[in-house]
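Reader: I am new to protein structures and would like to learn how to read one. Could you take me through this one step by step?

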Amino acid sequence: MNFEAVIGLEIHVEMKTRSKMFSSAPVEFGAEANTLVSPNDIAFPGTMPTVNKQAVINAIRVANALHMSIDNTLVFDRKNYFYSDLPKGYQITQNMRPIGREGYLEIKTDTLRTIAIERLHLEEDTCKQLHFSEYTLLDYNRSGVPLIEIVSKPDIRSGEEAMKYVEAIRSIVIYADVSDGKMEEGSLRCDVNISLRPIGIEKLGTKVEIKNLNSIANIQKAIDFEIRRQEGLLLTGNPIIQETRRFDEALKETITMRVKTDAVDYKYFIEPNISPINLSSDFINAAIASCPELAQVKEKRYLEVQGLSERDANIILQSKDLSKYYDDAAKHTNHFKSLANWVTGEVMAYLNKRNIPIENFFISPSQLGLLVNMIEKNEISNKQGRDIFQEMITNATTVKEAKEKLKIGTQINDDNVILTYVKDILDAFPDSIKDYKDGKDRAVGFLVGQVMKRSQGKVNPGLTSKLLLEELKKR
Amino acid sequence: MEFLDLTIRELHNELLKKTVTPLDLVKEAILRAKADNNNAFEYIMEKEALDLAIKLKEPEADNIFWGIPFVIKDNFSTKDVPTTASSNILNGYVPVFDATVVRKLMDAKAIPIAKTTLDELAMGGSGTTGHLGTTFNPYDKQHENIIGGSSCGSAASVAASIVPFALGSDTGDSVRKPASYAGLVGFKPTWGRISRLGLFPFATSLDHVGYFTRSVFDAALLLNLLAGRDLEDSTSSDVPVDDYTKLLNTDIKGVKIAIIKEIVDSIYDKSINAAFQKTIASLKIRGAKVEYVSIDRKLLGALFPTYVVISCAEATSNNANLDGIKFGPYHQGNTYEEVMNKARSKGFSELIKRRFVIGSFCLMRENQEVLFLRAQKVRKMIVEKVNDIFKDYDAIFLPASPTTAPKLGEASDRLSDEYLIADNHMVVGNFGGFPSITLPLGFKKNLPFGGNLTAKPFNEAKLLQIANVIEDITGFYNLSVRNKKI
């Protein structure tokens with residue numbers, strides 16, 4: 001019997017706003033514990049929430065990128081439950097009226113698939129717990145950090161699709177300047193709901209939840225494992241137990257965390273401390289307009305307008321900072337393909353070797369644009385370009401300084417001037433002409449080398465070869 | 001020294017004349033507070049107040065609150081001053097910030113001298129349920145009668161002339177009812193008119209900052225200071241702040257006042273009815289148009305249950321932060337549930353737990369529709385009905401309570417009209433967020449009782465104008481146990 005996996009994802013995105021969702025405390029990853037805390041974040045009696053405008057703008061950007069309809073009234077609800085990481089005893093979230101509703105996302109596997117998205121809502125993060133054998137420590141730096149929760153419809157069918165879906169969401173929140181999307185730091189967290197059913201059957205099987213997935217690769221691995229596990233159980237006539245599991249990286253298996261009993265009643269009701277806020281269409285449109293260019297749009301521009309290869313476009317788009325560097329450099333040159341070659345070649349090689357992030361790369365985008373222009377205008381050769389680049393990264397110089405230091409003059413591209421050099425050299429090396437006529441091709445290299453030497457390296461090597469061959473044939 | 005027997009405005013003039021200094025006032029207020037035998041105080045801020053008073057040298061002519069001592073109900077956050085809301089669960093809690101109203105008063109150089117008792121967490125109307133026990137009524141030396149609550153300690157402080165004014169909070173009638181039992185002006189403005197930041201929440205949608213004074217003029221002066229938008233309370237209103245004294249001492253010719261017939265009909269106390277009718281007659285003589293209007297008895301009978309459902313539901317959520325983990329007494333446990341369970345079991349009285357159980361029950365998925373959401377609908381119906389009245393009338397005038405302060409332990413029949421309608425009608429002011437004021441109307445057997453005026457939102461100036469005329473009619477200006485006018 002063949003089974004079909006029915007998978008829905010809940011993704012929590014931590015936003016990198018300046019302050020928290022409902023308080024003025026700063027948001028920052030990795031700060032000393034309990035240093036980024038306002039009285040609200042510890043739920044001291046009498047504190048009140050105020051809505052972070054940038055967080056709302058961010059949510060609108062993402063909702064728009066996911067083709068969702070955006071509610072024109074902002075309403076928050078309380079989700080009531082007791083837990084040690086929940087300072088107020090309730091979480092302010094959006095239950096009845098999520099800011100985004102009914103969207104979709106297209107992903108490419110073997111085919112193009114559309115994954116429907118049910119809702120996107122704003123809420124606040126809980127504080128972070130550090131468990132030890134005898135005690136638990138609480139870090140309220142995370143308490144109140146703005147979150148976006150994105151809930152997909154159960155449209156996903158495989159681990160690969162789930163991975164692609166999360167990658168696409170991650171790209172959107174990063175490029176929209178909403179989050180750093182770092183799963184390893186918990187900025188993007190993913191919970192999976194998964195059940196199996198025989199192909200062709202409408203009715204859903206028993207659902208299992210997988211939590212604590214800390215990388216995109218693990219999402220795929222966990223789902224693939226879970227599909228095999230459930231398949232195994234079903235084929236041997238064993239029931240699937242409704243439960244929450246986690247993915248164990250070492251075992252590469254999902255493991256039971258807790259068996260779900262009755263669903264918790266969160267006793268939702270409207271947050272009385274925040275009067276409903278009208279979101280005017282001007283505000284919504286401005287939020288959308290303020291959204292930086294998304295990767296998908298960039299890709300289209302790279303391929304269709306700038307003519308980059310799919311390979312180069314993909315490499316550049318893998319990092320928002322790299323694509324920003326490329327875009328900045330592209331403002332200084334029209335030779336996009338050559339620029340892309342430089343960025344994905346020399347630049348990346350250097351950064352990878354030294355393990356330097358692009359934002360710390362000291363050759364400015366305009367300098368790289370300048371260098372590309374010089375090569376493309378044949379003012380310098382490719383080889384000279386690489387020498388200049390080397391000099392620039394070694395001694396932190398500008399293109400101009402490097403060129404002067406290496407005594408690279410402006411390349412000679414004039415046929416007549418080059419021809420004079422060529423003739424002089426052929427006259428001086430008759431043996432080499434003979435070698436050439438005897439079929440010894442390396443004679444050409446030798447002669448070009450001599451021309452370069454005579455001209456102090458200033459002649460255009462390509463042009464020189466061409467003219468030399470023509471002249472050789474005449475002799 | 002009798003200066004503390006004066007109103008804020010009178011005291012201000014004495015301070016300007018330098019017949020008395022803030023330090024003198026604070027010392028006297030603290031003496032009186034220490035001599036208090038009504039159990040009005042959670043914490044007397046002796047050192048804090050003296051430190052502030054000693055710094056005040058030159059009186060400020062344009063600052064009416066300069067050097068005026070006052071007290072704060074112990075459910076307002078006060079930086080570095082212990083604040084328990086009269087609940088054991090907050091024993092030892094010392095807030096890190098000042099409530100906006102406290103900050104505004106201290107910026108104006110008014111001097112807080114004490115935190116006052118309340119019904120535990122402001123949930124109650126008797127003044128008997130705080131963790132320090134019953135707070136008594138200064139008018140009753142035998143300690144037989146209640147003062148009412150929940151702002152019991154604040155009411156007692158002003159009625160005993162320990163201070164000329166006191167901060168309170170009003171979720172059902174927690175300022176306006178004790179004001180009736182203690183012969184005071186008790187006022188709460190429109191919901192959103194005064195910032196709630198720093199007020200420990202009981203039922204957010206009903207909670208108001210309120211206060212006690214001994215004159216309507218003082219109530220208007222306080223509103224001038226405390227009203228206004230607070231960016232940290234996003235429910236605070238940006239409607240421009242008025243000069244709330246501007247209509248005082250102008251005549252009320254043509255002002256239209258409504259009396260709700262069914263509420264008056266539910267009051268059987270002859271003294272109260274007589275005083276009320278006498279006041280109406282005088283209002284008419286002064287040119288007001290006073291007319292009876294009707295509200296369906298069923299709707300009025302729903303006031304109390306609707307209040308119970310909404311207030312308990314919001315309270316259970318608002319107080320979920322009190323779990324013993326972050327502040328308040330900590331109790332060791334093996335799991336977080338055990339830690340929380342111990343803190344909440346030991347920290348709350350049975351009455352509070354009962355409210356939380358009711359609130360939780362009303363919010364449960366299977367009950368929400370029939371209890372919580374239905375209560376919201378009824379609330380809306382009541383508010384719409386009252387708004388209809390305000391289309392034709394400037395204010396509604398009613399007795400604030402059907403009796404004088406009841407005897408301790410005297411149970412009222414909770415299903416009678418007297419209780420359901422006459423004893424709970426002021427909650428309408430909280431349902432609609434209407435500005436509402438109680439002020440003395442008379443005495444019965446040496447115990448005071450008050451009348452209540454309610455107006456449409458943001459009509460405080462008009463409300464205070466009418467109240468001021470009533471004060472003039474009754475002559476009960478600056479009433480206190482030391483200043484009796486019986």
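This is a predicted model: local features need pLDDT of at least 70, side-chain atom pairs count only at pLDDT 80 or more; totals for chains, interfaces and linings use all residues.

Reader: What is the radius of gyration of chain B?

Author: Chain B has 17 helices and 11 strands. Its radius of gyration is 21 Å, close to the 23 Å that the globule rule gives for 486 residues, so chain B is as compact as a globular protein of that length. The box for the C-alpha atoms of chain B is roughly 70 × 60 × 45 Å, again along the principal axes.

Reader: How many helices and strands are there in chain A?

Author: Chain A holds 15 helices and 16 strands.

Reader: What percentage of the residues in chain A are buried?

Author: A residue counts as buried when its relative accessible area is under 20%. In chain A, 49% of the 475 residues are buried. In chain B, buried residues make up 64% of the 486.

Reader: Where do the charges sit on average?

Author: Chain A carries 63 positive and 67 negative side chains, and the centres of these two sets are 4 Å apart. Chain B has 57 positive and 57 negative charges, with mean positions 2 Å apart.

**Strands and sheets**

Reader: How do strands join into a sheet?

Author: Strands of a sheet pair through backbone hydrogen bonds, and the pairing is either parallel or antiparallel. Here is a case: in chain A, three strands form an open sheet in the order S5-S4-S15, with antiparallel pairing.

Reader: Which strands of chain A stand at the edges?

Author: They are S5 (90-93) and S15 (269-270) of chain A; each has a single partner strand, so one side of each is left without a neighbour in the sheet. Strand S4 (residues 77-80) of chain A is joined to S15(A) by two bridges. You can look for A:Arg78 opposite A:Phe269 in S15(A).

Reader: Which strands form a hairpin?

Author: S8(A) and S9(A) do, with four residues between them. Strand S8 covers residues 128-131 of chain A and strand S9 covers residues 136-139; four bridges pair them in the antiparallel sense. Across this pairing, A:Leu130 stands opposite A:Leu137 in S9(A).

Reader: Is A:Val13 buried or exposed?

Author: A:Val13 counts as buried because its relative accessibility is 0%. This residue lies in strand S1 (residues 3-14) of chain A. Leaving out residues up to four places away in sequence, A:Val13 touches several others, including A:Pro146, A:Ile148, A:Val173 and A:Ser187.

Reader: Which helix holds A:Lys298?

Author: A:Lys298 is found in helix H5 (residues 295-305) of chain A. With a relative accessible area of 9%, A:Lys298 is buried. Apart from neighbours within four places in sequence, A:Lys298 is in contact with A:Tyr175, A:Glu293, A:Leu317, A:Ser323 and A:Asp327.

Reader: What do contacts say about chain A as a whole?

Author: Among contacts in chain A with a separation of 6 or more, 68% involve residues 24 or more positions apart. For chain B, 76% of the contacts between residues at least 6 apart join residues at least 24 apart.

Technical notes: Residues are numbered from 1 along each chain as its sequence is written. Chains are lettered from A and ligands numbered from 1 in the order in which they are written. Side-chain values use heavy atoms; hydrogens and water are left out. Buried means under 20% relative accessible area, exposed over 50%, partly exposed in between (1.4 Å probe, protein chains only). Contact means heavy atoms within 4.5 Å. Lys and Arg count as positive and Asp and Glu as negative; His and the chain ends are not counted. The place of a charge is taken as NZ of Lys, CZ of Arg, CG of Asp or CD of Glu. Two strands pair if DSSP finds at least two bridges between them. The radius of gyration is taken over C-alpha atoms; the globule rule is 2.2 Å times the number of residues to the power 0.38.
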